[in-house]
Amino acid sequence: MATTACFIIVSRNDIPIYEAEVGSAAKREDAAQLHQFVLHAALDIVQDLAWTTSAMFLKAVDRFNDLAVSVYVTAGHIPYDG
């Protein structure tokens, strides 16, 4: 089974600042837009969960069809400004 992972770094203003896809699945035409749609839909959930747990890895916080969103948050939830 071919799989693809999308890695996205999001700024404190909920703006994607880096995006990379890795994997062996054929790329869909609308993949970039779909990934950003799923990401933005999950951000509210992530913002709520990040303050209720001490875990830095939040596994499968949201799902959309065959996509699952898992998140790493920074210690103290302080984003990098770059």
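1. Helices (H or I, at least four residues) and strands (E, at least two) are taken here as DSSP runs, numbered from the N terminus. This is a predicted model, in which local features need pLDDT of at least 70 and side-chain atom pairs count only at pLDDT 80 or more, while totals for chains, interfaces and linings use all residues. Residues are numbered from 1 along each chain as its sequence is written, and side-chain values use heavy atoms, with hydrogens and water left out.

2. Overall content. The protein has one helix and four strands. Read from the N terminus, the order of these elements is β-β-α-β-β.

3. Burial and surface. A residue is called buried under 20% relative accessible area, exposed over 50%, and partly exposed in between (1.4 Å probe, protein chains only). Of the 82 residues in the protein, 20% are buried. Accessible areas come from the Shrake-Rupley method with a 1.4 Å probe, and for residues only the protein chains shown count as cover. The protein has an accessible surface of about 6,300 Å², and carbon and sulfur atoms hold 56% of that surface.

4. Contacts along the chain. Contact means heavy atoms within 4.5 Å. Taking the contacts in the protein with a separation of 6 or more, 25% join residues 24 or more positions apart.

5. Two strands are said to pair if DSSP finds at least two bridges between them. Strand 1 (residues 4–10) is antiparallel to strand 2 (residues 16–23), and seven bridges link the pair. Opposite Val10 is Pro16 of strand 2. The two strands form a hairpin with five residues between them, and Asp14 in that turn has a positive phi of about 65 degrees.

6. Patches consist of residues with over 30% relative accessible area and no salt bridge, where like charges are joined within 9 Å and nonpolar side chains (Val, Leu, Ile, Met, Phe, Trp, Tyr) within 5 Å. A salt bridge is a side-chain nitrogen of Lys or Arg within 4 Å of a carboxyl oxygen of Asp or Glu. Phe7, Ile9, Ile15, Ile17 and Tyr18 make up a nonpolar surface patch, and their accessible area together is about 500 Å². Strand 1 and strand 2 are the elements that give two or more residues to the patch. One of its members, Ile9, belongs to strand 1. Ile9 counts as partly exposed because its relative accessibility is 38%.

7. Gln36 is part of helix 1 (residues 31–50). A polar contact is a pair of N or O atoms within 3.5 Å; within protein, one must be able to donate a hydrogen and the other to accept it, and residues adjacent in sequence count only if both atoms are side-chain atoms. The side chains of Gln36 and Glu19 make such a contact at 3.3 Å. The C-alpha atoms of Gln36 and Cys6 are 9.9 Å apart, with 30 residues separating them along the chain. With a relative accessibility of 31%, Gln36 is classed as partly exposed.

8. Phe37. This residue also needs a look. Phe37 lies in helix 1 and is partly exposed because its relative accessibility is 49%. From Phe37 to Phe64 the C-alpha distance is 9.9 Å, across 27 residues in sequence.

9. Strand 3 and strand 4 are paired in the antiparallel sense, with five bridges. Asp62 has Val69 in strand 4 as its bridge partner. The hairpin of these strands has two residues between them.

10. Positive phi values to check. Most residues other than glycine have a negative phi. Ala60, which is not a glycine, has a positive phi of about 50 degrees. Ala60 sits in strand 3 (residues 57–64) and is partly exposed, at 30% relative accessible area. Asn65 likewise has a positive phi, near 50 degrees. Asn65 is in the loop between strand 3 and strand 4 (67–72), and a relative accessible area of 70% makes Asn65 exposed.

11. The C-alpha atoms of Thr74 and Phe57 are 9.2 Å apart, and the two residues are 17 apart along the chain. Thr74 is partly exposed, since its relative accessible area is 39%.
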